[in-house]
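This briefing sets out selected structural features of the entry shown below. The points are grouped by topic for reference alongside the coordinates.

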Amino acid sequence: MPDRDHIHACLRKHLVTTYPHEGAELLDTTDLFQEWFVDSMGVLLLVTFLEETFDVTVRRGDIVEENFRSIESIANYVIRRGPGAGCS
Amino acid sequence: MEKDNFNQHRVLPVLQVFLVLLAYCYLFTHVSDWLGLPAPRELASALDWTPDHVFDPSDGNVDSNLWIAKTSQVDGRLNYDDERLVLFAAIFGAFLSVYFLPFRFKQGSVVIWFILAFLILYRDVVTSAFVASHLVVYHLFHPRSRQRTMASGAFGFLASYCWLQGSSMPGVAMAVLSIAGGACFVEVDRSFLRPFLLLRMKVADRLRTLVVQLPLLVGCGAALWEGVFHQELKLTLGILLIFWQWHRLMVYHADYVDEAVPRDLPLFSYFSIFMTPAVITNWTYSPYVGQAHAYLSKRFYCEDKNETLRSGLRLWILVLFYLVCGEWMIHGVVTAARELCSVKLYPFTTWMINDYMNGQPMGTLTVLGSTILYQARVLLVFGAVTHFRVGAFRVFGYRVDPQYDRPWMATNLVTFWRRFAFHYREFVVRIFYYPVFLRFFKKHRILRVFVATLVATSVGNHIWGHVPDRMLSRGMEFVNLKDILRAWPYYLFLGLGISLTQIYLLRQGRTRKAWTPGIRVVLDVVCAYATLQFFCLIHIFARPPQGGSAVDSLKLFLIGFGIHL
C-alpha cells in the first residue's frame, strides 16, 4: 500500500500535467470540479490513472463526487479500495 | 445539526419569492383582468413599447412558452392562463411549506402540493393512475420498505378506483370497492409479491430493469404494431406521464444498482424525486432536470436555504426576460438580417429544409445564420423552461445545477455539451458512458475513452435519449419511429465530434484554461464560434427532409461550408 504523501504527490503531478491551470495553486483540498475544471467525463480519465497507477478496481458506484472532489478525497478512496504500486 | 444551520427563517426572501411569482401571475395569467389592472400589453403601450410576437392578441397577456402539457386530453380543462395560475399557486404553497415546516416534513409537503395541483390540472383519474404507476415502481424497488403496507393499500385503492371508472355505479359503492381493493392488495403483497421479490432476487433485478425500459419497449413495440396492423395504441394519460419520466427512472435505477438509494427509502422520499411542482410545467421539455435520488439528496439543504433560494430567484428573473423578449428578439434578428444585410434567415431549421427541398436557392450565410438562430431560439425557449424548473427546485431548497450554463463560452465540443445540456449529459454519462468505460478495452486507454464516448453520445443519445421522446410526444406510429431513426447522421456526427475532441484533449493535454486573459483569447473566440457553428449545423441532420434523403441533408450541410453540389 503506497503511503498517503506518495499518493498525493502522484495525483498532483497527474492533475497539473493533464489540466494545467496557469497561476493557480493545486492544494490537497482544492475542489477539482469547481476550481480545476475536472468534469464527470474528466473523472473517468482520473479513474484510468488510478487503475493504471495504483492498481485499484473502480466500480461504477464509486464514481461519485465525494470520492473525486479533491486530491485528499481521492487519496482516501485509493487507500480504502486497496493495494497499489504507485507512480515513479 | 448542520441542516438546522441551513434552515434559518427570514422574512425578506419569502417576500421576494411572493413578488416574483406575483410578476409571473400578472404577465402570464388573468390576474390583471380580475384585479382591474391594465393588461401587460396596455402597460407596454403606455411605456411606448409595442413589439410583435410578445402579447396574446386575445387578452393582452404575455404569450408564454410556459404551459402545462397534455391537459387537452382532460374533460373540462382550464385555459392556459388559468393552468399557469394553478402552477404558480402550487409553487408558492410548496415553497411556504418547505420553508417553514420542520425538516422531516419538508420533502413530503412538496409532494402534497404537487398532487393537489395535479388533481386540479389533470383530474382524479389521471392523478390516480400516475400515483399508482409510481407505487408499482416503488413496490418493485423497495420490498424491504417499512411503509410497504401503506404503499400496497394506496396502490390497491387507486388502481381499483381507476378500474371502476367505466362503470355506472354510485360514488359510495365505488369508494367501498376501492377500499376493498386496497385491502386485497395489501394481502396479495404480504403473501405473494413481497416474498417473491425477496426470495427471487435475480428475477426482481430483471423486473426492475424491465420496468425502467418499458417506455422505450412499449413505444417501439406499439409503433411496429401500428406499422404492421395499422392499429394505433394509445396510453392512458397517467401512464403516459410516468413514461415521460423515463430518463429519471433510468437514473434512479442506476442509483439503485450503485447502492446509492437506501433499500428502505420512505415512500414520500421516493415520491419527492418525481413529484414536485417544479416538474409540472412543460412536461415534455427536458424532463430529466433534477436527475434522481443520489443527485437530489446531496443537494437538499446542502447550504443556507436563503442562499439557494436567492440563486433560484435570479434564474426566475432571467426567465422573465427570456419569456417576454425571446420570440421578439429572434424575429428581430430575422428582420434585421433581411433589411440590413439582405440575408434571409429562418427561425426554424425545418422551414429552411422545406424551402431547400422545394428548390429555393440557399446561400451559405442563410444556412450558417439560420442554424445558429434556431439554436438561439432553443436556448431562449428551453432555457426559459429549464431555468424556471431549476429555479423552482432552488426555491424549494435543492441546489440544482442549471441545464444551460453560458454554452457560448465553450471552446470545444466536450465542454459545449456539458454547458448546453448539463442534466441530459449526466443522464447519458451515468447510463451509458460509465458502464461501457468500466467494462471494455481496459488495457487500451485511448480506445477505451473513444468507444465509451461514442457509444454514449451516439447510440445511447439516439435510442434511449430520443426515441421514447418522439414516440410519447407525437404518437406511437411507425412513421414517427422511422422519422426519428432517420436522424442517425446527426447523432453520429455529434458522437464522432465529441469523441474525437475527447481523444484530442487526452493526447494533446491542455496548456491553459480557456478565457484566461492574454493574446490567446482570440483563439478562444475562434474555437467558441467553430464549436457553436458545428453543433448548430449538424442539426440539419436532426430534421430529415420529407420526401428527401440523408444525401439532401448532406448537400444542405455542405452549403454551410460554401460547397454547392
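The model is a predicted one.

- Helix 12 of chain B is mostly covered, with six of its eight residues buried.
- The buried residues in helix 12 of chain B are Leu267(B), Tyr270(B), Phe271(B), Ser272(B), Ile273(B) and Phe274(B).

*Contact between helix 6 and helix 12*

- Within chain B, the axes of helix 6 (residues 103-141) and helix 12 (residues 267-274) come within 11 Å and cross at roughly 110°.
- Because angles of 65 to 115 degrees count as roughly perpendicular, helix 6 of chain B and helix 12 of chain B are roughly perpendicular to each other.
- On the side of helix 6 of chain B, the contact is formed by Gln107(B), Gly108(B), Val111(B), Ile112(B), Val131(B), His134(B), Leu135(B), Val137(B) and Tyr138(B).
- On the side of helix 12 of chain B, the residues that meet them are Leu267(B), Phe268(B), Ser269(B), Tyr270(B), Phe271(B), Ser272(B) and Phe274(B).
- The residues of this contact comprise eleven nonpolar, five polar and no charged.

- Helix 18 (residues 422-439) of chain B has 18 residues, and the distance from its first C-alpha to its last is 24 Å, close to the 26 Å expected at 1.5 Å a residue.
- A kink of about 40° occurs in helix 18 of chain B, centred on Val429(B).
- Helix 18 of chain B is mostly covered, since 16 of its 18 residues are buried.

*Loop residues with positive phi*

- His230(B) is not a glycine, yet it has a positive phi of about 55°.
- The position of His230(B) is in the loop between helix 9 (201-229) and helix 10 (237-243) of chain B.
- With a relative accessible area of 65%, which is over 50%, His230(B) is exposed.
- Arg406(B) is likewise not a glycine, and its positive phi is about 40°.
- Arg406(B) belongs to the loop between helix 16 (364-395) and helix 17 (413-420) of chain B.
- The relative accessibility of Arg406(B) is 43%, so this residue counts as partly exposed.

*A buried glutamate*

- Glu83(B) is placed in helix 5 (residues 80-100) of chain B.
- Glu83(B) counts as buried because its relative accessibility is 1%, and the cut-off for burial is under 20%.
- Apart from neighbours within four places in sequence, the contacts of Glu83(B) are Ile68(B), Thr71(B), Arg77(B), Leu78(B) and Leu121(B).

*Chain A*

- Chain A contains five helices and zero strands, and the order of its elements from the N terminus is α-α-α-α-α.
- Chain A has 88 residues, of which 55% count as buried.
- Among the contacts in chain A with a separation of 6 or more, 59% are between residues 24 or more positions apart.

Terms used:
Residues are numbered from 1 along each chain as its sequence is written. Chains are lettered from A and ligands numbered from 1 in the order in which they are written. This is a predicted model: local features need pLDDT of at least 70, side-chain atom pairs count only at pLDDT 80 or more; totals for chains, interfaces and linings use all residues. Side-chain values use heavy atoms; hydrogens and water are left out. Axes are lines fitted to C-alpha atoms, for helices over the stretch in contact, and angles run from 0 to 180 degrees between N-to-C directions. Helices (H or I, at least four residues) and strands (E, at least two) are DSSP runs, numbered from the N terminus. Angles under 35 degrees count as roughly parallel, over 145 as roughly antiparallel, 65 to 115 as roughly perpendicular and the rest as oblique. Contact means heavy atoms within 4.5 Å. Ala, Val, Leu, Ile, Met, Phe, Trp, Tyr, Cys and Pro count as nonpolar, Asp, Glu, Lys and Arg as charged, and the others, Gly among them, as polar. The expected span of a helix is 1.5 Å times one less than its number of residues. The bend at a residue is the angle between axes fitted to the seven residues ending there and the seven starting there. Buried means under 20% relative accessible area, exposed over 50%, partly exposed in between (1.4 Å probe, protein chains only).
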